[in-house]
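Visitor: I am new to this structure and would like to be walked through it. Could we start with the terms and then look at the chain itself?

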Amino acid sequence: MTYFVLFIGLCFVLGGLAVASNPSLYSGEAGLVLASVAGCGWVLSLGVSLMSLVLFMVYFGGMSVDYVYSLSLLADPFQRLGGSSCYGVGLA
């Protein structure tokens with residue numbers, strides 16, 4: 001059990017480093033998934049299953065939606081605004 005908790009902690013740190021270093025946009029999202037799953041596993045190893053599920057739903061759901069929205073803005077910086085003929089830079 002000790003090795004499992006240490007492995008989960010290592011996965012959490014590596015996921016956080018993948019989000020912080022962010023060599024590409026999609027690997028940052030993969031790091032976010034790894035960090036959230038590892039954090040939930042860490043809380044689950046303490047025996048608090050409901051809190052682990054709530055943490056997974058809030059952190060992974062909310063942060064993933066924000067991150068994917070940012071990715072979509074970066075993927076197409078000159079988006080059409082309202083169907084008009086002018087182009088604008090996407091504002092965050």
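Guide: Helices (H or I, at least four residues) and strands (E, at least two) are DSSP runs, numbered from the N terminus. In those terms, Val-54 lies in helix α3, which covers residues 49-75.

Visitor: Before we go on, what kind of model is this?

Guide: This is a predicted model, in which local features need pLDDT of at least 70 and side-chain atom pairs count only at pLDDT 80 or more, while totals for chains, interfaces and linings use all residues. Residues are numbered from 1 along each chain as its sequence is written, and side-chain values use heavy atoms, with hydrogens and water left out.

Visitor: How many helices and strands are there in the chain?

Guide: The chain has 3 helices and 2 strands. Their order along the sequence is α-α-α-β-β.

Visitor: Back to Val-54, then. Is it buried or exposed, or partly exposed?

Guide: Val-54 is partly exposed, because its relative accessibility is 41%. Buried means under 20% relative accessible area, exposed means over 50%, and partly exposed lies in between (1.4 Å probe, protein chains only).

Visitor: Which nonpolar surface patch is there?

Guide: A patch of about 830 Å² is made by Leu-46, Val-48, Leu-50, Met-51, Leu-53, Val-54, Met-57 and Val-58. Patches are made of residues with over 30% relative accessible area and no salt bridge; like charges are joined within 9 Å, and nonpolar side chains (Val, Leu, Ile, Met, Phe, Trp, Tyr) within 5 Å. A salt bridge is a side-chain nitrogen of Lys or Arg within 4 Å of a carboxyl oxygen of Asp or Glu.

Visitor: What does the accessible surface of the chain come to?

Guide: The total is about 6400 Å², and 77% of this belongs to carbon and sulfur atoms. Such areas come from the Shrake-Rupley method with a 1.4 Å probe; for residues, only the protein chains shown count as cover. Of the 92 residues of the chain, 23% count as buried.

Visitor: Let us look at a buried one. Where does Leu-32 lie?

Guide: Leu-32 lies in helix α2, residues 25-45. Leu-32 counts as buried because its relative accessible area is 6%.

Visitor: And which residues is Leu-32 in contact with?

Guide: Apart from neighbours within four places in sequence, Leu-32 is in contact (heavy atoms within 4.5 Å) with Val-19, Tyr-59, Met-63, Ser-64 and Tyr-67. The C-alpha atoms of Leu-32 and Ala-20 are separated by 9.6 Å, and these residues are 12 apart along the chain.

Visitor: What about Ser-36: buried or exposed?

Guide: Ser-36 is buried, because its relative accessible area is 2%. Ser-36 also lies in helix α2, and it is in contact with Phe-56, Tyr-59 and Phe-60 when neighbours within four places in sequence are set aside.

Visitor: Which helix does Tyr-26 lie in?

Guide: Tyr-26 lies in helix α2. Tyr-26 is exposed, because its relative accessible area is 61%. Its C-alpha atom is separated by 8.2 Å from that of Leu-71, 45 residues apart along the chain. Leu-71 is found in helix α3 and counts as buried, because its relative accessibility is 9%.

Visitor: A change of topic: how many disulfides does the structure hold?

Guide: The structure holds 0 disulfides, a disulfide being a pair of cysteine sulfur atoms within 2.5 Å. Cys-11 is buried at 16% relative accessibility, and Cys-40 is buried with a relative accessible area of 7%.

Visitor: Lastly, which residues does the UniProt annotation "transmembrane region" cover?

Guide: In the unreviewed UniProt entry, that annotation covers residues 30-60. UniProt positions are given in the numbering used here, feature names are shortened, and annotations may be inferred rather than shown by experiment. Over residues 30-60 the model is 90% helix and 0% strand, with the end C-alpha atoms 11 Å apart.

Visitor: And the annotation "signal peptide"? Which residues does that cover?

Guide: The unreviewed UniProt entry places "signal peptide" at residues 1-20. Over residues 1-20 the chain is 95% helix and 0% strand, and the end C-alpha atoms are 29 Å apart.
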